[in-house]
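Trainee: I would like to learn how to read a few features in a structure. Can we go through them one at a time?

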Amino acid sequence: MSVQTIPGVAILGPVTAEQASILSPEAQLFVATLHRTFNPRRKELLKRRDERQKDLDAGRLPDFLPETAAVRADPGWKCAPPAPGLVDRRVEITGPVDRKMVINALNSGATQYMADFEDSHAPTWDGNLEGQVNMRDAVRRAISYTGPNGKVYSLRTDGKLATLLVRPRGWHLVEAHFMVDGEPCSASLFDFGLFFFHNAAATLAAGQGPYFYLPKMESHLEARLWNDVFNASQDMLRLPRGTVRATVLIETLLAAFEMEEILYELRDHSSGLNCGRWDYIFSFIKKLRNHPQFVLPDRSAVTMTSPFMDAYVRLLIKTCHKRGVHAMGGMAAQIPIKDDPAANAAALAKVRGDKEREVVAGHDGTWVAHPALVPIAMEIFNKHMPTPNQLHVRRDDVTVTAHNLLDVRGGALLAEGGITEKGLRDNLSVGLAYMENWLRGVGCVPIHNLMEDAATAEISRSAVWQWVRHHARTRDGRVVTAAWVNDLLAQELDQLKSKMGAERFARSKYPLAAQLFQSTITGDAYSDFLTTLCYDHIVTKTPSRM
């Protein structure tokens with residue numbers, strides 16, 4: 001249908017009647033105002049990322065910032081106290097914003113649900129708008145869904161719904177279908193702005209507030225930008241400052257060196273930090289990709305007990321509790337394996353071990369990707385954390401240096417874990433499968449009994465790129481070359497074609513996924529994000545509606 005647009009705004013995608021209410025003139029003005037006010041700074045900060053990468057490539061390794069030492073040394077400042085619905089966060093479930101998922105996640109028994117417009121969501125125009133419709137209905141407890149088989153999904157009525165948090169897309173992304181003054185809108189401001197405009201007051205009326213997760217930040221200056229966005233948004237809607245609460249995912253290497261500064265910038269709006277561990281591994285590879293001493297082994301060999309990962313976790317817990325906010329643990333990506341009891345038992349044992357390690361270390365809560373894991377994680381946190389959180393666990397015993405955050409034991413981690421042909425094939429298989437789904441508009445994909453999001457493909461292609469660039473050797477001594485990688489990728493495609501049939505394969509997105517994936521795994525060109533590399537292929541522009 002036609003959507004009335006305000007001056008300076010062009011909507012370049014199809015809009016249904018229901019979606020049109022999300023794109024009301026008032027909502028357009030709110031988003032456009034945020035974009036006009038803050039997009040210049042966003043672009044400056046993205047340029048700063050590029051400059052920092054050049055420094056890293058030249059050998060200037062990350063370190064704690066001397067210019068912000070006073071912030072780290074000052075014991076007097078604290079972040080805001082936990083907001084209603086965020087005092088006890090022992091088990092959070094995450095997932096995309098499709099309607100059935102939203103209902104199941106809110107009903108799951110988890111303490112919170114992070115509704116994801118980012119890595120577990122392929123940002124198609126229709127999917128983004130439907131997600132905002134679903135958020136509006138969920139906040140008002142007016143959401144239901146009838147499946148193709150006639151099964152009806154509705155919200156439980158016993159008062160045990162998860163608290164809703166929303167993750168907008170990162171600063172590096174744009175929304176190509178929503179143009180402001182001739183340029184695409186910041187995807188972060190689009191996602192945040194629409195949710196905040198339609199739902200901030202309603203969340204407060206329900207006794208909670210507009211709560212967010214903030215992804216992919218690389219510096220405290222990017223956190224400062226978010227804080228200014230929050231203040232401006234609250235002022236425009238005449239809401240008290242401090243109404244917004246946001247948890248920052250520490251999922252980039254550079255952000256790990258600025259945890260306290262990030263909390264300081266957001267302190268009146270902060271609800272803590274989260275160990276975004278899969279993206280963190282991706283960022284570690286990406287940022288240090290030109291240095292052979294930081295080559296990592298197979299993904300399966302990089303665990304939370306690896307020195308650089310263990311240091312990152314310990315520093316995050318200490319930092320959060322020092323400043324009075326929650327330290328959230330990482331994702332358990334396992335999903336039930338229904339047809340293999342032994343494999344299912346082994347997978348659940350891994351979940352139990354992971355969650356026990358987190359709670360004993362001092363985390364205040366954790367993440368799961370599947371409702372079946374909620375009771376398991378809940379049981380473990382209930383056993384080891386009888387209080388609503390562990391903010392009292394100060395971890396004053398922890399000292400983490402820059403060396404610790406970069407510690408791969410001088411290459412010993414690679415030697416111990418090793419690169420294998422199986423690991424190489426798995427990277428190609430998983431990366432290709434995820435990208436094919438993403439290009440079809442599916443951002444949360446079960447692969448090899450794990451619920452994978454974009455971080456999976458990012459680790460897969462970055463590891464392969466790194467191995468090829470530095471002529472890494474497998475355990476049996478074979479050098480990982482571009483020619484070998486291309487040959488294995490061709491074998492994977494041949495197997496898929498044989499399994500699917502030539503006609504179905506041709507209709508799939510595998511040929512396109514292979515083309516895009518191959519372009520960034522052979523040690524030459526490197527795209528910062530697969531999502532930006534692939535985004536134009538899911539854009540569905542139509543003539544501007546005025």
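**Reading the annotated residues and the ring pairs**

Mentor: Start with a loop residue: Asp-453 sits in the loop between strand 15 (450–452) and helix 17 (454–469). Keep in mind that this is a predicted model.

Trainee: What does the side chain of Asp-453 reach?

Mentor: The side chain of Asp-453 reaches the backbone nitrogen of Ala-455 at 3.0 Å. Leaving out residues up to four places away in sequence, Asp-453 touches Asp-119, Ser-120, Arg-167, Tyr-434 and Gly-443.

Trainee: Which residues does UniProt list for "active site"?

Mentor: The UniProt entry, which is unreviewed, lists Arg-167 and Asp-453 under that term. They are spread over 287 residues of sequence but cluster in space, with a largest C-alpha distance of 13.8 Å. The lining of the largest cavity includes both Arg-167 and Asp-453.

Trainee: Is Arg-167 buried or exposed?

Mentor: Burial is read from relative accessible area, and under 20% is called buried. Arg-167 has 3% relative accessibility, so Arg-167 counts as buried. Arg-167 lies in strand 6 (residues 163–167), and its side chain makes a polar contact of 2.7 Å with the side chain of Asp-116.

Trainee: How many aromatic pairs are there in the whole structure?

Mentor: A search of the whole structure finds 22 aromatic pairs. To name the geometry of a pair, look at the angle between the ring planes: under 30 degrees is stacked, over 60 is edge-to-face, and the rest are tilted. Phe-30 and Phe-197 have ring centres 5.6 Å apart and planes at 45°, so this pair is tilted. Phe-30 is in helix 2 (residues 25–57) and Phe-197 in helix 6 (residues 187–205), so the pair ties together parts 167 residues apart in sequence. Phe-30 is buried at 5% relative accessible area, whereas Phe-197 is partly exposed at 25%.

Trainee: Why is the pair of Phe-284 and Phe-294 called edge-to-face?

Mentor: Their planes are at 85°, with ring centres 6.0 Å apart, so the pair is edge-to-face. Phe-284 is in helix 10 (residues 277–287), and Phe-294 is in the loop between helix 10 and helix 11 (307–322). Phe-284 is buried at 0% relative accessibility, and Phe-294 is buried at 6%.

Trainee: Which residues do ring pairs link into a cluster?

Mentor: Among them are Phe-30, Trp-171, Phe-197 and Trp-226.

Trainee: Where does Lys-286 lie?

Mentor: Lys-286 lies over the face of Phe-529, at 3.7 Å from the ring centre. Arg-461 lies over the face of Tyr-526, at 4.3 Å from the ring centre.

Key
Residues numbered from 1 in each chain as written. Predicted model: local features only at pLDDT ≥ 70, side-chain atom pairs only at ≥ 80, totals over all residues. Heavy atoms only, no water. UniProt positions renumbered as here; feature names shortened; annotations may be inferred. 1 Å grid on protein atoms, 1.4 Å probe; cavity = no way out; pocket = protein on both sides within 12 Å on 5 of 7 lines; lining within 4 Å. Helix = DSSP H or I, 4+ residues; strand = E, 2+ residues; numbered from the N terminus. Buried < 20%, exposed > 50% of the residue type's maximum accessible area, 1.4 Å probe, protein only. Polar contact = N/O pair within 3.5 Å; in protein donor to acceptor, adjacent residues only side chain to side chain. Contact = heavy atoms within 4.5 Å. Phe/Tyr/Trp six-rings, centres within 6.5 Å; stacked < 30°, edge-to-face > 60°. Lys NZ or Arg CZ within 6 Å of the ring centre and 35° of its normal.
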